[in-house]
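Work through the exercises below with the coordinates open. Each task is followed by a stepwise solution.

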Amino acid sequence: MSDTDDIQVRQEPTNGGMILVPIGEIDLSRAPSLRHHLSTALDERPDRLIIDLSEVPYMDSSGVATFVEAMQLARKNGAKLILCGLQDRVRSIFEIARLDTVFTILNDTEEARSA
Amino acid sequence: MSTHPTEPTGPPQLELEMLSQSRLLAPARAMTGTFAQRLGFNEIECGQISLALDEALCNFINHGYNKREDGCIKISVWDLETDPSGLMILVEDRARQVDPASIRPRELDDIRPGGLGVHLIREIMDSVLYEHREGGGMRLSMTKQISSSERRPAHASASRCEGRPTS
């Protein structure tokens with residue numbers, strides 16, 4: 001994987017868990033890097049993992065697949081995985097894939113913290 | 001999904017040959033999305049057209065070339081010059097051929113990672129056709145027309161090049 005394929009992810013602690021903020025487009029080239037960030041975060045066994053997607057302007061099915069994997073791992077670990085801050089373009093792919101009802105999708109981190 | 005229209009007889013307005021490398025998805029998306037925007041598609045439609053192309057390229061890279069990075073993929077885009085505006089995107093590779101009938105969306109009730117690309121392409125585009133490419137490889141042609149009541153602005157029509165460059 002080259003440096004350009006790495007996705008920047010900001011990490012913030014929150015009560016009982018962690019907030020991850022990926023920055024930039026998520027496609028086939030960056031999904032492996034995102035997968036690494038998500039699995040590392042879940043390895044720390046947080047009660048709650050909030051993914052703030054407000055700084056992701058584009059995502060393809062490789063990104064969606066990565067979040068499906070993370071959701072399954074979170075369930076196995078007894079953690080709650082919440083997506084929030086989805087831009088319209090990103091929200092539409094979850095809707096077309098009919099995954100918008102499978103994930104917990106909230107408006108913003110404030111809502112996610114209190115969910 | 002409507003019947004697949006006849007392929008345009010003239011040369012495409014845009015052509016791009018790329019290697020089967022995932023880092024090249026972003027420029028391919030940008031090229032096609034910008035072209036769709038100039039034809040009058042709205043922002044959401046442009047994003048979805050880019051997504052359909054992205055998913056097609058991912059499938060060619062992952063399944064056609066088995067993630068090899070030295071394969072060749074050609075993208076051609078036509079302004080269909082219809083009212084409302086429409087475009088056709090043709091994606092071709094020189095990888096292994098598969099039965100076009102076997103390229104089908106999977107059952108969405110089965111929640112698992114992967115396998116969503118074909119479903120997304122078929123949901124987004126108006127017509128989708130997989131075929132064997134003459135001389136080897138696969139070809140995917142897909143079309144989309146503006147679905148809203150928006151009409152092509154008079155200045156938005158993409159003009160054709162007079163001659164086709166010789167290669």
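**Exercise 1.** Find which residues of helix α3 (residues 117-124) of chain B are buried, and where they sit around the axis.

*Solution.* Step 1: apply the burial cut-off, 20 or more other C-beta atoms within 10 Å of the residue's own, with C-beta atoms placed from the backbone. Gly117(B), Leu120(B), Ile121(B) and Ile124(B) are buried. Step 2: take the arc of directions from the helix axis to the C-beta atoms. These residues cover only 100 degrees, which puts them on the same side of α3(B). An α-helix has 3.6 residues a turn, so residues three or four places apart point the same way. Step 3: list the packing partners. The buried residues of α3(B) pack against α2 and α3 of chain A, and against α2 (43-64), β4 (127-132) and β5 (138-145) of chain B.

The model is predicted: local features need pLDDT of at least 70, side-chain atom pairs count only at pLDDT 80 or more, and totals for chains, interfaces and linings use all residues. Residues are numbered from 1 along each chain as its sequence is written, with chains lettered from A and ligands numbered from 1 in the order in which they are written.

**Exercise 2.** Describe the side of chain A that touches chain B.

*Solution.* Step 1: count contacts (C-beta atoms, placed from the backbone, within 7 Å). 21 residues of chain A contact 21 residues of chain B. Step 2: assign elements. α2 and α3 (88-96) of chain A each supply at least two residues. α2(A) gives the most, with six.

Note on methods:
Contact = placed C-beta atoms within 7 Å. Helix = DSSP H or I, 4+ residues; strand = E, 2+ residues; numbered from the N terminus. Buried ≥ 20, exposed ≤ 12 C-beta atoms within 10 Å, placed from the backbone.
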